[in-house]
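Please read it alongside the model.

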Amino acid sequence: MSNQKIVQMWINATIIKNSRTLLITQLESLGVFEKIYPSETNFILTKVKQADLLQTFASKRGVLLRLIDSEKGLLRISLGSTEENDSLVKILDEWRSSRE
C-alpha cells in the first residue's frame with residue numbers, strides 16, 4: 001500500500017471520528033434518546049421510546065433510521081455528510097417538539 005493511500009485512509013478515519021463525535025454531542029443535547037451507546041464505527045446505536053414511530057417519522061421526512069429492536073427501542077443511525085447529519089438533527093428536534 002502506498003504512503004498516499006495510507007494518508008488518505010487516516011484522513012478518512014479522522015473525518016468519520018470527528019463527525020461521529022459532533023453528531024453524538026448534538027444527539028445528547030436534544031434529549032430524545034434514553035441512551036446513546038459508545039461507538040468506534042460509522043454508525044451510532046441508540047435507545048429511544050417509541051423507536052418504531054420515530055423511524056416512521058424520520059422516514060416520511062427522507063431520513064432512514066434502522067430499527068434494530070422495536071421492543072428494546074434500539075435504532076441505528078448511520079453517519080452521513082455534514083448536511084445529512086444536520087437534517088437528521090433538525091428532524092429529531094421536530095420529533096422532540098411534537099412530543100412535548
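How much space lies in the largest pocket? About 220 Å³ of space lies there, a pocket being an open set of points on a 1 Å grid over the protein atoms alone, where a 1.4 Å probe fits, with protein on both sides within 12 Å along at least five of seven lines. The volume is the space filled by probe spheres set on the points. Of the 13 lining residues, those closest to the centre are Val63, Leu64, Leu65, Ser78 and Glu84; a lining residue has an atom within 4 Å of a point. Strand β4 (74-78) and helix α3 each give the lining at least two residues. By class, the lining holds 6 nonpolar, 4 polar and 3 charged residues (nonpolar: Ala, Val, Leu, Ile, Met, Phe, Trp, Tyr, Cys and Pro; charged: Asp, Glu, Lys and Arg; polar: the others, Gly among them).

The model is predicted, with local features needing pLDDT of at least 70 and side-chain atom pairs pLDDT 80 or more, while totals for chains, interfaces and linings use all residues. Residues are numbered from 1 along each chain as its sequence is written, and side-chain values use heavy atoms, without hydrogens and water.

The protein chain has 3 helices and 4 strands, in the order α-β-β-α-β-β-α from the N terminus. These are DSSP runs (helices H or I, at least four residues; strands E, at least two). The C-alpha atoms fill a box of roughly 50 × 25 × 25 Å along the principal axes.

Two helix pairs have axes (lines fitted to C-alpha atoms, for helices over the stretch in contact; angles run from 0 to 180 degrees between N-to-C directions) as follows.

| Helix pair | Axes come within | Crossing angle |
|---|---|---|
| α1 (residues 3-30) and α3 | 10 Å | roughly 10 degrees |
| α2 (residues 51-60) and α3 (residues 82-99) | 10 Å | roughly 125 degrees |

The contact has 6 nonpolar, 3 polar and 3 charged residues.

Helix α2 meets α3 through Leu53, Leu54, Phe57 and Ala58, with Ile91, Leu92, Glu94, Trp95, Ser98 and Arg99 on the α3 side. This contact has 7 nonpolar, 1 polar and 2 charged residues.

Terms used. Contact means heavy atoms within 4.5 Å.
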